[in-house]
Amino acid sequence: MKRCPVCGKPIKGNLEMCPECYVERRDVFWLDDIIELVKCPRCEFFKIRGRWKGISFEDALVEAVYSSLRVIPEFKVEDVFISPLTRGEVGKYAVRLEGSLDGEFISVEKVVEVRVRREVCKRCSREAGGYYESIVQIRADGRKISEEELEVVRGIIERVIERERENQKAFISKIVERKEGIDYYFGDRNIGKKISRLIADELGGKIIESKKIHTRKDGQDVYRFTYAVRLPAYRKGDIVEENGRICVVMSQKLGKAVSIDSGETVNLRNPKLIARRDEIMESVVVSCDEFVVEVLHPITQQVVQAIKPKIDLKPGDTVFVFEHGERIYVIPKELI
Ligand SMILES: [Zn+2]
Ligand SMILES: [Zn+2]
């Protein structure tokens, strides 16, 4: 049996001394004396093994300690404790490792100095430089974009950018408000593509994609992409004509409407806007027979004849009306 040359105790493992003597005379682990964390002063991300990550100082420190740490194979580390010896984030820290060495529990410690070096990350320097790869143009067909639609657009952009926080190009480099709509410039091509699709999914409409050569890099053309989102002319509650039928739009997103005459669902393929939802007024039925309905004109308060839907109406019923082509149409209350 092998014996420890220092204390004479029998040795069970492969080391040339017993664990106790070994720990006193040799290193069981190595760590750089100075641990340097690299932090972006703009977004406060840390650079971990060449990648920028949105993590806390503590997590960045753990990552940095782990990547500097080297341990002899006989030392089975079970716990690592990192504790500050000075006040504040930078300064001295004790790094203590616990585990077993040739079957015996050991606890060993080293003191390191932690420093933080500031470096602007790629994302921030691109963002500050106005870098962009794609433009998402939001336009509405023949009308202004509503505030509600803009809310939806902003929400989608915020969510996508938040989800891609570690994508070095996931940022808005510019927002330009124009008479005809709004343009968002994004650092990443795919972010622009993704956002335009989500907007069209949510609000309906079409996307027209185009690209322009921006520059040449390493012998290759580099493009900038434009995703023009054209929101539909109609919105929920508007009155449109689809293939001769007059309908109330139920879903802008799905392109669905309901016929005001029969109450049937209509798929909007090529709708023509005939009245905005804020042009629809409340009225009351004065008289009604099989063919004709008379209502009070909401503005003049005169009794006028209107186009009758295929439902039963009786005097005193509340209905909605709108004017189109010098005629008055009645919409059953249930459809509004
Ligand atoms: Zn010994
Ligand atoms: Zn940054």
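Gly255 is partly exposed, because 18 other C-beta atoms lie within 10 Å; the class covers counts between the limits for buried (20 or more other C-beta atoms within 10 Å of the residue's own) and exposed (12 or fewer), with C-beta atoms placed from the backbone. This is a predicted model, in which local features need pLDDT of at least 70, side-chain atom pairs count only at pLDDT 80 or more, and totals for chains, interfaces and linings use all residues. Residues are numbered from 1 along each chain as its sequence is written, while chains are lettered from A and ligands numbered from 1 in the order in which they are written.

Gly255 sits in the loop between S15 and strand S16 (256-259). Strands here are DSSP runs of E, at least two residues, and helices are runs of H or I, at least four, numbered from the N terminus. Leaving out residues up to four places away in sequence, Gly255 touches Gly204, Asn267 and Leu268. Touching means contact: C-beta atoms, placed from the backbone, within 7 Å. Arg235 is 20 residues from Gly255 along the chain, and their C-alpha atoms are 9.4 Å apart.

Now the wider layout. The chain has five helices and 23 strands. Its domain assignment gives domain 1 (19-118), domain 2 (127-231) and domain 3 (239-335); such bounds come from an automatic or database assignment. The C-alpha centres of domain 2 and domain 3 are 38 Å apart.

Next, the cores. A nonpolar core is a set of buried Ala, Val, Leu, Ile, Met, Phe, Trp, Tyr and Cys residues joined through C-beta atoms within 7 Å. The largest has 25 residues, of which Cys247, Val321, Tyr329, Val330 and Ile331 touch the most other members. Strands S14 (239-242), S15 (245-251), S20 (293-296), S22 (318-324) and S23 (327-331) each give two or more residues to this core. A second, separate core of 19 residues includes Val136, Phe171, Phe225 and Val229.

Ile138 belongs to strand S9 (residues 134-140). Ile138 counts as buried because 24 C-beta neighbours lie inside 10 Å. Beyond residues up to four places away in sequence, its contacts are Ile145, Val153, Gly181, Ile182, Ile199 and Val229.

Finally, overall dimensions. The C-alpha atoms fill a box of roughly 115 × 50 × 35 Å along the principal axes. The radius of gyration is 35 Å, whereas a compact globule of 336 residues would have one near 20 Å. That radius is taken over C-alpha atoms, and the globule rule is 2.2 Å times the number of residues to the power 0.38. Buried residues make up 25% of the 336 residues.

Terms used. Two residues are in contact if their C-beta atoms, placed from the backbone, lie within 7 Å.
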